[in-house]
Amino acid sequence: MDESGESGKPQRPRETGGGLLMGRLFGVPVYVAPSWFLVAALITWVFGGQLERVLPELGNLRYLVSLFFAVAFYASVLVHELAHTVAALRFKLPVRRIQLQFFGGVSEIEKESESPGREFVLAAVGPLLSLVLAGVFYLGMAAVEPGTVPGVLLAGLMISNLIVAAFNLLPGLPLDGGRMLRAVVWKLSGKPMTGTVAAAWTGRALAVAVLIGLPLLTHTGALGTSTQDLGGVDTITDALLAAILAAIIWTGAGNSLRMARLREHLPELRARNLTRRAVPVASDTPLSEALRRANEAGARALVVVDGDGTPVAVVREAAIVGVPEHRRPWVAVSGLAQDLKPGMRVSAELSGEELLDALRATPATEYLVVEETGEIYGVLSTADVERAFVAAMARPSA
């Protein structure tokens, strides 16, 4: 399963929030979320109980073997996610990180596929590699004695990879099968948003089906468990597992919809359209005089320039508001200005993700916007960008 790393705000989540950094593969950081340790302990306990029935001679060593199985299983999940990562890098799509977490892993791909064909390939390679791993473990079983530790481990890894492949092929976002469905609908309709809506609502229907169907299948013995072996604790455990899975799928589907809407509206964020026209003023200009010039020019921002007319600072709007009107003739604009850092100059031609990337690189409240010739165009306020972003997200999708 893979998903993008953007959120509902025009700010990139911090990479440091991914958990324990295990290293980098293909230049992409790999994190283990704290929830993984809980699942690893659960797998160790459950698989250890199965080993007690199959290999009772192991004694307490069965838990060491079970822990090895848990680590090997998540290594398989990492290979699954690496398939997505390598495909994304091959298509020139940046990958922010890989995270192993409660139910599997996530490859956080930062940009949208350019075509439905690439989207389909990007989603399909993960389950395909899980199926390949299942085949490798099946062949390994033929080389070892059945009923031994290696035989049981290989059988468990084969079955678990088959389950990972089958689960991820279910046709609903945020699963890989949902992304494949999205690619097909995108290809047929010509609209990526149509594909996202179809796959997301299929994912929500899938969540409801898991919530109701998984406990029902277990209770009726359809999954191979004898109904006589099912007790009250087992019933509660199955219901809890189904609820967690359903919540993950439902939330992921909703996030996919929000992220698609974000990407659809990002091109509407244009620096030129959001910039406040500004007037240049010398550093010793009284604030009252500077505001008078701005009003005459129909401008809403002030840029401090040196003797050669080169911009050196931007007067902060919050600082202007904080000066009482009767004191403005005696306050120089230099005392209200923020010196321009290299990253605080942005091009008037920037828009969408390029604009947001430029603002993220150098956090500030105001930025100097310049033409390609270097001429001052105006001042861009992050507050204006956020308001435009919220307004764009509130509009219905095309």
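**Notes on a predicted chain: strands, sheets and a helix pair**

1. Let's start in strand S7. Ala301, Val303 and Val305 point one way from S7, Leu302 and Val304 point the other way, and all are buried (buried means under 20% relative accessible area, exposed over 50%, partly exposed in between, with a 1.4 Å probe and protein chains only). In a regular strand, side chains alternate between the two faces of the sheet. S7 is mostly covered, with five of its five residues buried.

2. A quick word on what you're looking at. This is a predicted model, where local features need pLDDT of at least 70 and side-chain atom pairs count only at pLDDT 80 or more, while totals for chains, interfaces and linings use all residues. Residues are numbered from 1 along each chain as its sequence is written, and side-chain values use heavy atoms, with hydrogens and water left out.

3. Now the whole chain. It has 12 helices and 12 strands (DSSP runs numbered from the N terminus: H or I of at least four residues for helices, E of at least two for strands). Of the 398 residues, 46% are buried. Take the contacts (heavy atoms within 4.5 Å) between residues at least 6 apart in sequence: 64% of them join residues at least 24 apart.

4. Back to S7 and its sheet. This is an open sheet of four strands in the order S6-S7-S8-S9, with mixed pairing (two strands pair if DSSP finds at least two bridges between them). Its edge strands are S6 (278-282) and S9 (337-339), each pairing on one side only. From one strand to the next, the twist averages 35° (angles run from 0 to 180 degrees between N-to-C directions, and axes are lines fitted to C-alpha atoms, for helices over the stretch in contact).

5. How do the strands here pair up? Strands of a sheet pair through backbone hydrogen bonds, either parallel or antiparallel. S6 and S7 are parallel, over five bridges, and valine 303 in S7 is the bridge partner of proline 280. S8 (residues 311-315) and S9 go antiparallel over three bridges, with alanine 313 opposite aspartate 339 in S9. Helix H9 (residues 287-297) lies across S6 and S7 (301-305), running at about 150° to S6.

6. There's also an open sheet of three strands, ordered S10-S11-S12, again with mixed pairing. S10 (345-347) and S12 (376-381) are the edge strands. Neighbouring strands of this sheet are turned by 35° against each other on average, direction ignored. S10 and S11 (residues 366-370) run parallel and are joined by three bridges, and arginine 345 stands opposite leucine 368 in S11.

7. Next, a helix pair. H2 (residues 61-90) and H4 (residues 149-168) pack at an angle of about 35°, with axes 10 Å apart. The contact includes Phe68, Phe69 and Phe73 of H2 and Leu153, Leu157 and Val164 of H4. Its residues divide into nine nonpolar, six polar and no charged (Ala, Val, Leu, Ile, Met, Phe, Trp, Tyr, Cys and Pro count as nonpolar, Asp, Glu, Lys and Arg as charged, and the others, Gly among them, as polar).

8. Is phenylalanine 137 buried or exposed? Phenylalanine 137 counts as buried because its relative accessible area is 15%. You'll find phenylalanine 137 in helix H3 (residues 116-141). Leaving aside neighbours within four places in sequence, phenylalanine 137 is in contact with Ser76, Leu154, Leu157, Met158 and Asn161.
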